[in-house]
Amino acid sequence: MAEENDNSQEKTEEATPRRIEKSREDGQTARSKELATMSVLLAGAGGLLMFGAGLGASLENIMRENFALERETVFDTNTMSLLLLDSAWEAAVALMPLMILLFVAAILGPIGIGGILFSGKAIAPKLNRMDPFKGLKRMFSTRSLIELVKAVAKITLVMIIAILILDLRTEDLLSIAEEPAIPAMEHVLWTLGWSFFLLACATIVIAVIDVPFQIYDHQKKLRMTMQEVKDEFKDSEGKPEVKSRIRQLQREMAQRRMMQDVPGADVVITNPTHYAVALKYDQKTMAAPVVVAKGGDEIAFKIMEIAREHKVDILRTPPLTRAVYHNTDIGGEIPDGLYMAIAQVLAYLFQLRRFRRGQGPRPGMPDFPIPTELRRDP
């Protein structure tokens, strides 16, 4: 029995949409630090290659203006202040494209998987995080071991690529010593820029491995036991008493709508002590008579009461009423087998209304034909 209970608690079920939504509300979603690092490094390296020339020119201009000053200028505080502001503004303008690129990369990198998520619960203080025993447990957990392996792998990969770059650039770097100062500086900056970019590209390999792992690890954390799935289903569906109350309210609303249709009925047929059915037929819009309302006991009496208030004809036809009541739905047409009987009801009403207007003799109540398979005799 103990084994069965343990097995029953295994998280074998995929997370439900509600579980995923709740995890996002708690600030839990798949994130890859390696993807964020890759995006920032690639943006920085690419930005230096794209904007490096302009940035270098601006810095050269700033140094030229600040290192070639007259003696009077050095001792003039107002002039020095203006010069400082001009230099700061020129440096800010030169750095602005690179800073914007890094800012965009810093935003897009973390949301590369998991999307944008704002949750106060993620930054809320939790006392269990301050527990030293749990902290030690996290330090020596399987996840910490995986992070250690990842860190060692990253350092190893970057070192290998750096050694390869140095090996390929050795002759190029040694030749710089024979170049004039300014071309040599440009050559060094160009070499450093492309070397940094190639090193940044190493993080692509790390991110390609880390992103699927983080998605898998997050989905694994969200897995549920069968009991959790059942409990969530009960919570989403509601407690039995709540569902019962909802069904009761739905029935009451349906009854109110049904009662509103009774005044427009052509006739109400009844089994006076048990059932009442309101029928309507319009030759222009209906293929067959339609049941607009029906009910038993108290509802039947309410239907008859509303019919009397609105002068809707009420016919006492117990066998036919039982047959129609048990073989139709509200809003549905009567069965084919009852067409003849309902047609006789409508014909009888037509004759009865003529009699009331003094235009014909009083009709006799016909014997309505009901097929055996549709009869519901008590």
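The following dialogue explains how to read several features of one predicted model.

Student: Which residues of H11 are buried?

Tutor: A residue is buried under 20% relative accessible area, exposed over 50%, and partly exposed in between (1.4 Å probe, protein chains only). In H11 the buried residues are Ala300, Ile303, Met304, Ile306 and Ala307. Viewed down the axis of H11, these buried residues fall within an arc of 160°, so they line one face of the helix. The arc is taken from the directions that run from the helix axis to the C-beta atoms. On the face of H11 turned away from the buried side are the exposed residues Glu298, Arg308 and Glu309. After H11 comes Lys311, whose phi is positive, near 60°.

Student: What span and what kink does helix H5 have?

Tutor: Helix H5 (residues 77-108) has 32 residues and reaches 44 Å from its first C-alpha to its last, close to the 46 Å expected. The bend at a residue is the angle between axes fitted to the seven residues ending there and the seven starting there. In H5 a kink of about 45° lies at Met96, shortly before the proline Pro97. The residues Leu83, Ser87, Ala94, Leu98 and Ala105 of H5 are buried, and H3 is included in what covers the buried residues of H5.

Student: How many salt bridges are there?

Tutor: A salt bridge is a side-chain nitrogen of Lys or Arg within 4 Å of a carboxyl oxygen of Asp or Glu. By this rule the count comes to 5 salt bridges. One of them joins Glu34 and Lys154, with the closest N and O atoms 3.0 Å apart. This pair links distant parts of the chain, since Glu34 is in helix H3 (residues 33-67) and Lys154 is in helix H7 (residues 142-175), 120 residues apart.

Student: Is Glu34 buried or exposed, and what of Lys154?

Tutor: Glu34 has 7% relative accessibility and therefore counts as buried. Lys154 has a relative accessible area of 27%, so this residue is partly exposed.

Student: Which residues are linked in a network of salt bridges?

Tutor: Asp313, Arg353 and Arg356 are linked in such a network. Between Asp313 and Arg353 the closest N and O atoms are 2.9 Å apart. Here too the pair links distant parts of the chain: Asp313 is in strand S4 (residues 313-316), and Arg353 is in helix H13 (residues 339-356), 40 residues apart. Asp313 also forms a salt bridge with Arg356, the closest N and O atoms being 2.7 Å apart. Arg356 is likewise in helix H13, 43 residues from Asp313. Asp313 counts as buried because its relative accessibility is 12%. Arg353, at 34%, counts as partly exposed, whereas Arg356, at 52%, is exposed.

Student: How does S4 pair with strand S1?

Tutor: Two strands pair if DSSP finds at least two bridges between them. Strand S1 (residues 267-271) and S4 pair in the parallel sense over 4 bridges, and the bridge partner of Ile269 in S4 is Leu315. The covered face of S4 holds Asp313 and Leu315, while Ile314 and Arg316 are on the uncovered one.

Student: Which residues does Ile342 touch, and which does Asn271 touch?

Tutor: Contact means heavy atoms within 4.5 Å. Ile342 lies in helix H13 and counts as buried, at 1% relative accessibility. Not counting residues up to four places away in sequence, Ile342 touches Leu279, Pro289, Leu320, Val324 and Ile334. The C-alpha atoms of Ile342 and Val324 are separated by 9.4 Å, and the two residues are 18 residues apart along the chain. Asn271, in strand S1, is buried at 10% relative accessibility. With the same exclusion of residues up to four places away in sequence, Asn271 touches Pro318, Thr321 and Arg322.

Conventions
Residues numbered from 1 in each chain as written. Predicted model: local features only at pLDDT ≥ 70, side-chain atom pairs only at ≥ 80, totals over all residues. Heavy atoms only, no water. Helix = DSSP H or I, 4+ residues; strand = E, 2+ residues; numbered from the N terminus. Expected span 1.5 Å × (residues − 1).
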